[in-house]
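Student: I would like to go through this model with you and ask, for each label, what stands behind it.
Tutor: Then let us look at the structure together and set each value against its definition.

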Amino acid sequence: MKRILYIILWVIALTACQQFEQPESQGGECVLELDIARANSSSVSSRAVDEDLALTILDAHGEEYVYYPAGSIPNKIILEPGSFTVCAYTENQSSWHTANRGKGEPCYYASQQVLMEHDHRTRISMSVPMVNYAIGVDLPELFGNLFNSYYFTLKSGDREVVIREGEKAYFDISNGGFFYALSATNSDGVYHEHSPVWFFDVQGGKHYLLRYHFDSEAMSGNVEIEITDDMETDDTYVDL
(Lines give C-alpha, C1' and ligand atoms only; values in the text may rest on other atoms or scores of the structure.)
Protein backbone atom coordinates (compact mmCIF):
# COMPACT_ATOMS: atom_id res chain seq x y z
CA MET A 1 0.00 0.00 0.00
CA LYS A 2 2.83 2.40 0.88
CA ARG A 3 4.52 1.54 -2.40
CA ILE A 4 1.40 2.48 -4.35
CA LEU A 5 1.13 5.74 -2.39
CA TYR A 6 4.78 6.62 -3.17
CA ILE A 7 4.17 5.99 -6.88
CA ILE A 8 1.10 8.28 -6.86
CA LEU A 9 3.02 11.08 -5.08
CA TRP A 10 5.94 10.70 -7.53
CA VAL A 11 3.61 11.02 -10.53
CA ILE A 12 1.97 14.16 -9.04
CA ALA A 13 5.38 15.75 -8.39
CA LEU A 14 6.57 14.97 -11.91
CA THR A 15 3.42 16.47 -13.42
CA ALA A 16 3.83 19.65 -11.34
CA CYS A 17 7.45 20.03 -12.47
CA GLN A 18 6.42 19.69 -16.10
CA GLN A 19 3.58 22.18 -15.65
CA PHE A 20 5.82 24.99 -14.25
CA GLU A 21 8.87 24.35 -16.42
CA GLN A 22 10.01 27.63 -18.10
CA PRO A 23 10.57 27.67 -21.87
CA GLU A 24 14.12 27.80 -23.07
CA SER A 25 15.63 31.17 -23.94
CA GLN A 26 15.19 32.16 -27.56
CA GLY A 27 18.52 34.02 -27.68
CA GLY A 28 19.40 37.75 -27.69
CA GLU A 29 17.07 40.72 -27.72
CA CYS A 30 16.04 43.08 -30.54
CA VAL A 31 17.24 46.50 -29.39
CA LEU A 32 16.20 49.76 -31.07
CA GLU A 33 18.53 52.67 -30.28
CA LEU A 34 17.20 56.18 -30.89
CA ASP A 35 18.70 59.53 -31.82
CA ILE A 36 15.76 61.89 -32.41
CA ALA A 37 15.55 65.69 -32.44
CA ARG A 38 13.52 68.48 -34.02
CA ALA A 39 15.02 69.98 -37.16
CA ASN A 40 16.57 73.43 -36.59
CA SER A 41 15.96 73.10 -32.86
CA SER A 42 17.74 75.75 -30.82
CA SER A 43 17.45 73.77 -27.57
CA VAL A 44 20.56 72.09 -26.19
CA SER A 45 20.32 68.64 -24.59
CA SER A 46 22.75 65.90 -23.66
CA ARG A 47 20.08 63.25 -24.29
CA ALA A 48 19.78 61.40 -27.59
CA VAL A 49 16.03 62.07 -27.68
CA ASP A 50 14.36 65.50 -27.80
CA GLU A 51 12.35 66.08 -24.58
CA ASP A 52 9.55 67.85 -26.50
CA LEU A 53 8.80 64.88 -28.78
CA ALA A 54 6.45 61.96 -28.24
CA LEU A 55 6.93 58.55 -29.85
CA THR A 56 4.54 55.93 -31.22
CA ILE A 57 5.74 52.66 -32.74
CA LEU A 58 3.33 50.90 -35.09
CA ASP A 59 3.52 47.20 -35.99
CA ALA A 60 3.43 45.79 -39.51
CA HIS A 61 -0.37 46.08 -39.53
CA GLY A 62 -0.37 49.74 -38.56
CA GLU A 63 -1.54 49.02 -35.02
CA GLU A 64 -0.02 50.80 -32.04
CA TYR A 65 2.71 48.64 -30.52
CA VAL A 66 4.04 51.05 -27.90
CA TYR A 67 3.62 54.74 -27.03
CA TYR A 68 5.85 57.13 -25.07
CA PRO A 69 4.62 60.64 -24.17
CA ALA A 70 6.91 63.65 -24.50
CA GLY A 71 9.76 63.62 -22.01
CA SER A 72 9.63 59.86 -21.38
CA ILE A 73 11.19 58.30 -24.49
CA PRO A 74 14.07 56.00 -23.55
CA ASN A 75 17.27 55.90 -25.59
CA LYS A 76 16.80 52.15 -26.13
CA ILE A 77 13.63 50.12 -26.72
CA ILE A 78 13.27 46.32 -26.73
CA LEU A 79 11.13 45.07 -29.63
CA GLU A 80 10.22 41.77 -31.24
CA PRO A 81 11.64 40.71 -34.61
CA GLY A 82 9.64 42.22 -37.47
CA SER A 83 8.80 45.41 -39.32
CA PHE A 84 7.81 48.58 -37.42
CA THR A 85 7.11 52.23 -38.16
CA VAL A 86 8.62 54.73 -35.73
CA CYS A 87 6.63 58.00 -35.47
CA ALA A 88 8.14 61.00 -33.64
CA TYR A 89 6.06 64.14 -33.18
CA THR A 90 4.95 66.97 -30.93
CA GLU A 91 1.68 66.17 -29.19
CA ASN A 92 -0.17 69.17 -30.66
CA GLN A 93 -1.03 67.50 -33.96
CA SER A 94 -4.72 68.37 -33.68
CA SER A 95 -4.46 71.53 -31.56
CA TRP A 96 -1.51 73.58 -32.86
CA HIS A 97 -3.76 75.94 -34.86
CA THR A 98 -5.78 76.99 -31.77
CA ALA A 99 -2.75 77.66 -29.55
CA ASN A 100 -1.51 81.17 -28.74
CA ARG A 101 -5.02 82.65 -28.96
CA GLY A 102 -5.59 81.27 -32.43
CA LYS A 103 -2.26 82.33 -33.90
CA GLY A 104 -0.96 78.76 -33.71
CA GLU A 105 2.40 77.25 -32.83
CA PRO A 106 5.03 75.02 -34.47
CA CYS A 107 4.02 71.41 -35.16
CA TYR A 108 6.56 68.64 -35.81
CA TYR A 109 6.15 65.14 -37.28
CA ALA A 110 8.27 62.43 -38.91
CA SER A 111 8.04 58.66 -39.40
CA GLN A 112 10.55 56.01 -40.41
CA GLN A 113 10.26 52.29 -41.07
CA VAL A 114 12.65 49.93 -39.36
CA LEU A 115 13.23 46.17 -39.65
CA MET A 116 14.13 44.53 -36.36
CA GLU A 117 16.22 41.37 -36.62
CA HIS A 118 16.71 38.62 -34.05
CA ASP A 119 19.62 39.22 -31.64
CA HIS A 120 20.54 42.51 -33.31
CA ARG A 121 20.89 46.20 -32.37
CA THR A 122 19.39 48.72 -34.78
CA ARG A 123 20.10 52.45 -34.49
CA ILE A 124 18.04 55.15 -36.22
CA SER A 125 18.56 58.91 -36.38
CA MET A 126 15.57 61.13 -37.12
CA SER A 127 15.51 64.88 -37.76
CA VAL A 128 11.87 65.76 -37.14
CA PRO A 129 10.77 68.72 -39.32
CA MET A 130 8.20 71.41 -38.65
CA VAL A 131 5.25 70.51 -40.88
CA ASN A 132 3.43 73.86 -40.77
CA TYR A 133 4.84 77.30 -41.59
CA ALA A 134 5.01 80.70 -39.90
CA ILE A 135 4.24 84.23 -41.08
CA GLY A 136 5.41 87.52 -39.56
CA VAL A 137 5.35 91.20 -40.55
CA ASP A 138 8.05 93.87 -40.45
CA LEU A 139 7.02 97.52 -40.87
CA PRO A 140 9.13 100.53 -41.93
CA GLU A 141 10.99 102.43 -39.23
CA LEU A 142 8.80 105.57 -39.52
CA PHE A 143 5.53 103.70 -39.91
CA GLY A 144 4.44 104.42 -36.34
CA ASN A 145 5.00 108.16 -36.84
CA LEU A 146 2.67 108.26 -39.84
CA PHE A 147 -0.01 105.78 -38.79
CA ASN A 148 -1.77 105.65 -35.45
CA SER A 149 -3.12 102.14 -35.84
CA TYR A 150 -2.95 99.21 -38.23
CA TYR A 151 -4.23 95.69 -38.85
CA PHE A 152 -2.19 93.04 -40.61
CA THR A 153 -4.56 90.27 -41.63
CA LEU A 154 -3.65 86.76 -42.77
CA LYS A 155 -6.05 84.20 -44.22
CA SER A 156 -5.47 80.61 -45.27
CA GLY A 157 -8.21 78.04 -45.70
CA ASP A 158 -10.92 78.76 -43.14
CA ARG A 159 -8.59 80.55 -40.69
CA GLU A 160 -8.16 84.31 -40.50
CA VAL A 161 -5.60 85.77 -38.09
CA VAL A 162 -4.57 89.33 -37.21
CA ILE A 163 -1.00 89.77 -35.96
CA ARG A 164 1.21 92.65 -34.83
CA GLU A 165 4.83 93.29 -35.69
CA GLY A 166 7.01 90.80 -33.81
CA GLU A 167 4.30 88.13 -33.69
CA LYS A 168 3.96 84.95 -35.77
CA ALA A 169 0.96 83.06 -37.08
CA TYR A 170 1.19 79.41 -38.14
CA PHE A 171 -0.69 77.78 -41.01
CA ASP A 172 -1.14 74.42 -42.71
CA ILE A 173 0.64 73.86 -46.03
CA SER A 174 -2.32 71.84 -47.35
CA ASN A 175 -4.17 75.07 -48.20
CA GLY A 176 -1.48 75.94 -50.75
CA GLY A 177 -0.76 79.49 -49.61
CA PHE A 178 -2.16 82.53 -47.83
CA PHE A 179 -3.70 85.96 -48.36
CA TYR A 180 -2.22 88.98 -46.60
CA ALA A 181 -3.44 92.56 -46.31
CA LEU A 182 -2.36 95.65 -44.39
CA SER A 183 -4.83 98.33 -43.35
CA ALA A 184 -3.94 101.43 -41.35
CA THR A 185 -5.28 104.77 -40.13
CA ASN A 186 -2.86 107.69 -40.47
CA SER A 187 -2.31 110.59 -38.07
CA ASP A 188 -4.98 112.64 -39.90
CA GLY A 189 -7.58 109.95 -39.28
CA VAL A 190 -7.65 108.77 -42.90
CA TYR A 191 -8.12 105.02 -43.32
CA HIS A 192 -5.98 103.19 -45.90
CA GLU A 193 -6.52 99.60 -46.98
CA HIS A 194 -4.66 97.41 -49.47
CA SER A 195 -6.48 94.65 -51.31
CA PRO A 196 -5.55 91.13 -50.12
CA VAL A 197 -2.60 89.60 -51.95
CA TRP A 198 -2.23 85.86 -52.54
CA PHE A 199 1.11 84.17 -51.85
CA PHE A 200 1.45 80.52 -52.87
CA ASP A 201 4.01 77.71 -53.07
CA VAL A 202 4.52 77.61 -49.31
CA GLN A 203 6.73 75.02 -47.61
CA GLY A 204 6.63 73.46 -44.17
CA GLY A 205 9.31 74.58 -41.76
CA LYS A 206 9.63 78.02 -43.33
CA HIS A 207 9.16 81.47 -41.78
CA TYR A 208 7.72 84.03 -44.20
CA LEU A 209 8.54 87.54 -43.01
CA LEU A 210 6.61 90.16 -44.97
CA ARG A 211 8.73 93.31 -44.88
CA TYR A 212 6.96 96.52 -45.89
CA HIS A 213 8.93 99.51 -47.05
CA PHE A 214 7.98 102.94 -48.41
CA ASP A 215 8.45 103.78 -52.06
CA SER A 216 11.08 106.50 -52.45
CA GLU A 217 8.83 108.60 -54.74
CA ALA A 218 5.38 108.02 -53.34
CA MET A 219 4.65 106.98 -49.75
CA SER A 220 2.82 103.86 -50.93
CA GLY A 221 3.81 100.59 -49.34
CA ASN A 222 5.71 97.95 -51.26
CA VAL A 223 6.38 94.48 -49.91
CA GLU A 224 9.49 92.33 -49.78
CA ILE A 225 9.04 88.77 -48.53
CA GLU A 226 11.96 87.23 -46.67
CA ILE A 227 11.81 83.46 -46.46
CA THR A 228 13.90 81.72 -43.82
CA ASP A 229 14.02 78.36 -42.13
CA ASP A 230 12.22 78.78 -38.83
CA MET A 231 14.63 79.79 -36.05
CA GLU A 232 17.30 80.48 -38.70
CA THR A 233 18.29 83.71 -40.47
CA ASP A 234 19.03 85.05 -43.96
CA ASP A 235 18.03 82.44 -46.50
CA THR A 236 16.03 83.54 -49.53
CA TYR A 237 14.47 86.86 -50.54
CA VAL A 238 11.48 87.17 -52.85
CA ASP A 239 10.50 90.63 -54.13
CA LEU A 240 6.84 91.24 -54.94
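Student: Where is aspartate 201 placed, and what makes it count as exposed?
Tutor: Aspartate 201 sits in the loop between β14 and β15 (206-214), where strands are DSSP runs of E with at least two residues, helices are runs of H or I with at least four, and both are numbered from the N terminus. Exposed means over 50% relative accessible area, buried means under 20%, and partly exposed lies in between, with a 1.4 Å probe and protein chains only. Aspartate 201 has 56% relative accessibility, so it counts as exposed. It also has a positive phi of about 60° although it is not a glycine.

Student: On what kind of model do these values rest?
Tutor: This is a predicted model, in which local features need pLDDT of at least 70 and side-chain atom pairs count only at pLDDT 80 or more, while totals for chains, interfaces and linings use all residues. Residues are numbered from 1 along each chain as its sequence is written, and side-chain values use heavy atoms, with hydrogens and water left out.

Student: Why is arginine 101 called exposed?
Tutor: The relative accessible area of arginine 101 is 84%, so the residue is exposed. Arginine 101 lies in the loop between β5 (82-89) and β6 (109-116), and it has a positive phi of about 55° although it is not a glycine.

Student: What makes Phe179, Trp198 and Phe200 a nonpolar surface patch?
Tutor: Nonpolar side chains (Val, Leu, Ile, Met, Phe, Trp, Tyr) are joined within 5 Å, and like charges within 9 Å. The patch made by Phe179, Trp198 and Phe200 covers about 320 Å², an area from the Shrake-Rupley method with a 1.4 Å probe, in which for residues only the protein chains shown count as cover. Phenylalanine 200, in strand β14 (residues 197-200), has a relative accessible area of 54% and is therefore exposed.

Student: Why is leucine 79 called buried, and what does it touch?
Tutor: Leucine 79 has a relative accessible area of 5%, so it is buried. It belongs to strand β4, and, not counting residues up to four places away in sequence, it touches Cys30, Leu32, Ile57, Tyr65, Phe84 and Met116, where contact means heavy atoms within 4.5 Å.

Student: Is glutamine 112 buried, exposed or partly exposed, and how do you know?
Tutor: Glutamine 112 is in strand β6, and its relative accessible area is 28%, so it is partly exposed. Its contacts, residues up to four places away in sequence not being counted, include Phe84, Val86 and Met126.

Student: Which strands form the open sheet, and why do some of them stand at the edges?
Tutor: The order is β4-β1-β7, and the pairing is mixed. Strands β4 (76-79) and β7 (120-128) each have a single partner strand, so one side of each is left without a neighbour in the sheet. The twist from one strand to the next averages 25°.

Student: How do you know that β1 and β7 pair?
Tutor: Two strands pair if DSSP finds at least two bridges between them. Strand β1 (residues 30-38) and β7 have nine bridges in the parallel sense, and cysteine 30 has histidine 120 in β7 as its bridge partner.

Terms used
Patches are made of residues with over 30% relative accessible area and no salt bridge: like charges are joined within 9 Å, nonpolar side chains (Val, Leu, Ile, Met, Phe, Trp, Tyr) within 5 Å. A salt bridge is a side-chain nitrogen of Lys or Arg within 4 Å of a carboxyl oxygen of Asp or Glu. Axes are lines fitted to C-alpha atoms, for helices over the stretch in contact, and angles run from 0 to 180 degrees between N-to-C directions.
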